[in-house]
Amino acid sequence: MTTYDLTIPVSEQEIRALHVGDTVYLSGVMTTGRDAAHKYLIENFIHTDSVPENERALYNELRRILHEGVIYHCGPVVQQDEEGEWRFVAAGPTTSIREEPYEADVITHFGMRGVIGKGGMGPGTLQACREQGAVYFHAMGGAASLIANAVKEVVDVHKKEEFGVPEAFWIIRVERFPVVVTMDTHGQSIHAEVKEKSQSALKRLVTDG
Amino acid sequence: MSDLTKSFVELVRRAATDLPADVETALREAQTREENGSAAAGALETILENVALARANSTPICQDTGTPIFYVYHPQGMSTRELRTQIEAGVAEATARAYLRPNAVDSLTGHNSGNNLGVGYPTLHFEEWDEDYLQVNLLLKGGGSENVGVQYKLPHPPLKAGRDLEGVRRVVLDAVNDAQGKGCAPGVLGIAIGSDRGYGYIHAKEQLFRPLDDVNPTPELARLEERLLHDCNELSIGPMGFGGQTTIFGVKIGAYHRLPACYFVSIAYNCWACRRWTMTVQNGKVEYR
């Protein structure tokens, strides 16, 4: 288990050097995106023949941010000051598995290097990670005040009115955002390992009982 | 009736930002059981650091400030209509102050109301009781752990779970195994045996208000709670599902009457951030615990 400091955009070489259990401090610009965002990305940009005209500007911005970048599964608590500037008050990860039907396509389409969330993801995402050169970064669930301290600036926000505060794309600049690699480019997943062990423990516990 | 809106804002603030002492103590104890330098120990260290920071800054422990679930116990003659209005005003104000994330989403349009008020939102349960004071229990129940809650009906053949406490033990273990780290382990379980489908979950969540170190007054339930605490941790799912010694740090079970045809086991999984606070009002004096 090694500790790394990585800056977004992250190169393929840097990502392929990571292994499950490694601690990473991420810095740079990323976007949040969760349930509504993933559905939107798939419907408007990925499973479509042409990107709708009125969504093109956002598409181009997201392509720029997500190329060799990361998406953060997070619905933050935010506050706006008198000048209209947004600030992240609390910003831990949300459960990632809900995005499993979409994530592999999103990673591949945008050429991403990682996903930040909690609880891990499934085989589809793991395979996309291996092929594309991306990893799953696990942030600490519920450590919202702590993670908000790593968010140094809210650069922009998209779809806030349409999706609501938790579901919007918040473009943020982070400094030393602490995460642990739990799914890597080598096909390893801590989540699959732990599940396999607990499954056999369960079998034992309900047989002995 | 005096206006308690400000007191409700304070109740919400405490629940969202100040983790109850017994929960924090349990997390500290859990940390001592994990191997130094392990992912599980690191997770608990981060969690505890965050708890202290949230308390010091009055910022939410978790950004998912959950569904505000109020259990209101009121003396005879108190207007529940007025209480509802004041609680709703308190919730909206707490949202404006960023103690709560706007979480109420219209299920048809997807529109977020922006102030945590909506149809049947927040959740309010009223009950008149014999005491001469008002007690309001608030649970902020996050969505990650709510999603891994589950209701079984016994018998449950896949686990050979029959209509007895051994059957209950089996399905609870199954639920915790299915949850893995997705409910933000380590968690606390509130469990209702019996009742109907609707009240099963209401009672299960009521169980979450019991202090972690209390002992169930019903001896067979006390034994089951202890056994389940041990067995759940044998699953070794650990903090955040990273693997480790503590998967569950509290099991609270209530038994309720049921229909002859039905035997439900309703399991409310709560994440480590078990955000529950109680407010009492007697002769105009407001207290929180």
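This note walks through some points on the two chains above.

1. A word on the basis: this is a predicted model, in which local features need pLDDT of at least 70 and side-chain atom pairs count only at pLDDT 80 or more, while totals for chains, interfaces and linings use all residues. Residues are numbered from 1 along each chain as its sequence is written, and chains are lettered from A, with ligands numbered from 1, in the order in which they are written.

2. Let's start with the interface. On chain B, 48 residues are in contact with 41 residues of chain A (contact means C-beta atoms, placed from the backbone, within 7 Å). Elements giving two or more residues to this side of chain B are helix H3 (39-57), helix H5 (143-147), helix H6 (165-179) and helix H8 (219-234); helices (H or I, at least four residues) and strands (E, at least two) are DSSP runs numbered from the N terminus. H3(B) provides the largest share, nine residues. By class, the side of chain B that touches chain A has 21 nonpolar, 17 polar and ten charged residues (Ala, Val, Leu, Ile, Met, Phe, Trp, Tyr, Cys and Pro count as nonpolar, Asp, Glu, Lys and Arg as charged, and the others, Gly among them, as polar).

3. H3(B) also has a partner within its own chain. Helix H2 (residues 21-33) of chain B packs against H3(B) at an angle of about 150°, with the axes 9 Å apart (axes are lines fitted to C-alpha atoms, for helices over the stretch in contact, and angles run from 0 to 180 degrees between N-to-C directions). That makes the pair roughly antiparallel, a term for angles over 145 degrees. Residues making the contact include B:Leu27 and B:Ala30 of H2(B), and B:Leu44, B:Ile47 and B:Val51 of H3(B). The contact of H2(B) with H3(B) comprises seven nonpolar, one polar and three charged residues.

4. Helix H4 (residues 100-110) and helix H5 (residues 123-132) of chain A pack at about 10°, their axes 8 Å apart, so H4(A) is roughly parallel to H5(A) (under 35 degrees). Among the residues in this contact are A:Ala104 and A:Ile107 of H4(A), with A:Gly124 and A:Ala128 of H5(A). The class count here is three nonpolar, five polar and two charged.

5. Do look at helix H7 (residues 197-207) of chain B, whose buried residues include B:Tyr201, B:His203, B:Lys205 and B:Glu206. A residue is buried if 20 or more other C-beta atoms, placed from the backbone, lie within 10 Å of its own, exposed if 12 or fewer, and partly exposed in between. The buried residues of H7(B) pack against strands E1, E3, E4, E5, E6 and E7 of chain B.

6. Two backbone details deserve a check by eye. Most residues other than glycine have a negative phi, and most peptide bonds are trans. The bond from A:Ile8 to A:Pro9 is cis, with omega near 0°, and the bond from B:Leu154 to B:Pro155 is cis, with omega near 5°. A:Pro9 lies in the loop between strand E1 (3-7) and helix H1 (12-16) of chain A, and B:Pro155 in the loop between E4 and H6 of chain B.

7. As for phi, A:Arg176 has a positive value of about 50° although it is not a glycine. A:Arg176 sits in strand E9 (residues 169-183) of chain A and is exposed, with 12 other C-beta atoms within 10 Å. B:Ser236, also not a glycine, has a positive phi of about 55° and lies in the loop between H8 and E6 of chain B.

Key. Contact = placed C-beta atoms within 7 Å. Parallel < 35°, antiparallel > 145°, perpendicular 65-115°, else oblique.
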